[in-house]
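Reader: Could you walk me through how to read a structure like this one, feature by feature?

Author: Gladly! Have a look at it first, and then ask away.

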Amino acid sequence: MYLRLKQLPFKAMMTSAVIALSTLVALPLSAADSADEIIRAKAVSIVDGDSISVVINQELVRVRLAGVDAPEGNQPFAIDSKQSLHDLCFWVEAELSSISKDYYGRMLAKVKCNGVNVNAEQVRRGMAWVADQSVEDRELNQLQEEARAAKRGLWSYESPVPPWEWHSRGVAFPAELVWPLNEKMRI
């Protein structure tokens, strides 16, 4: 004898479907909760000098490079910093590790593209600052000191202003300093 299961009411079926779907959609972001996990994802867009967009499980996710801060869009070297990150990561498989979230809920990660530690390389090239002097990654601090001594990238200015001070001071650079940087992008 067969037991016949009652068909669930439409509302109950839809509720179950929504719960199942929301669980599937949340999976890529919950993967960011594990600091030990490594995620491989295609870098499909460069947002700025310290952020990329990647595709994880068919979802577009913005990833900030952990421990570094690049010039803002209206700061000198912002375009150069973004171009540097583009040269390193655009349209290649990125390996994300040491994943966490920042105060705003954004994904933070150490990023490797083509085997290169991109966080460290941006600092080495003088295209980003170490975001916080309390960063425990001694390599980043050492690379920043080397870039400063060699006057690479943003360190070629006498007194470069880090983004966290740029915001608080509302700093504006003279047009002659910003214009040549933007001229590269004009066609």
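Reader: Let me start with Arg64: is it buried or exposed?

Author: One caution before that: this is a predicted model. To call a residue buried, we ask whether its relative accessible area is under 20%. Arg64 has a relative accessible area of 15%, so it is buried.

Reader: Which residue forms a salt bridge with Arg64?

Author: For a salt bridge, look for a side-chain nitrogen of Lys or Arg within 4 Å of a carboxyl oxygen of Asp or Glu. Here the partner of Arg64 is Asp69, and their closest N and O atoms are 4.0 Å apart. Asp69 is buried as well, with a relative accessible area of 12%.

Reader: How many salt bridges does the structure hold?

Author: There are 9 salt bridges. One of them joins Arg40 to Glu93, where the closest N and O atoms are 3.7 Å apart. Arg40 counts as exposed, at 51% relative accessibility. Arg40 and Glu93 are also linked with Glu95 in a network of salt bridges.

Reader: And how far apart are the closest N and O atoms of Arg148 and Glu145?

Author: They are 3.3 Å apart, and the two residues form a salt bridge. To read a pair inside a helix, keep the helical repeat in mind. An α-helix has 3.6 residues a turn, so residues three or four places apart point the same way. Arg148 and Glu145 are 3 residues apart in helix H4, which puts about one helical turn between them. Both are partly exposed: Arg148 has a relative accessible area of 37%, and Glu145 is at 42%.

Reader: Let's stay with H4. How does the span that its 13 residues should have compare with the distance between its end C-alpha atoms?

Author: That is a handy check on a helix. At 1.5 Å a residue, H4 should span 18 Å, and its end C-alpha atoms are 18 Å apart, so the two agree.

Reader: Which residues of H4 are buried, and where do they fall when seen down the axis?

Author: The buried residues are Leu140, Asn141, Leu143, Gln144 and Ala147. Looking down the axis of H4, you find them within an arc of 160°, so they line one face of the helix. On the other side of H4, Arg138 and Ala149 are exposed.

Reader: What covers the buried residues of H4?

Author: The cover includes strand E4 (68-69), helix H3 (118-124) and E8. It is also worth checking the backbone where a helix ends: just after H4, Lys151 takes a positive phi of about 55°.

Reader: Next, rings. How many aromatic pairs does the structure hold?

Author: It holds 5 aromatic pairs. To name the geometry of a pair, use the angle between the planes: under 30 degrees is stacked, over 60 is edge-to-face, and the rest are tilted. Phe90 and Trp91 have ring centres 5.9 Å apart and planes at 45°, so this pair is tilted. Phe90 is partly exposed, with a relative accessible area of 35%.

Reader: Where in the chain do Trp129 and Trp155 lie?

Author: Trp129 is in strand E8 (residues 129-130), while Trp155 is in the loop between helix H4 (138-150) and helix H5 (163-169); the pair links distant parts of the chain, 26 residues apart. Trp129 counts as buried at 5% relative accessibility, and Trp155 counts as buried at 8%. Together with Trp164, they form one aromatic cluster.

Key
Residues are numbered from 1 along each chain as its sequence is written. This is a predicted model: local features need pLDDT of at least 70, side-chain atom pairs count only at pLDDT 80 or more; totals for chains, interfaces and linings use all residues. Side-chain values use heavy atoms; hydrogens and water are left out. Rings of Phe, Tyr and Trp (its six-membered ring) pair if their centres lie within 6.5 Å; planes under 30 degrees apart count as stacked, over 60 as edge-to-face and the rest as tilted. Buried means under 20% relative accessible area, exposed over 50%, partly exposed in between (1.4 Å probe, protein chains only). Helices (H or I, at least four residues) and strands (E, at least two) are DSSP runs, numbered from the N terminus. The expected span of a helix is 1.5 Å times one less than its number of residues. The arc is that of the directions from the helix axis to the C-beta atoms. Contact means heavy atoms within 4.5 Å.
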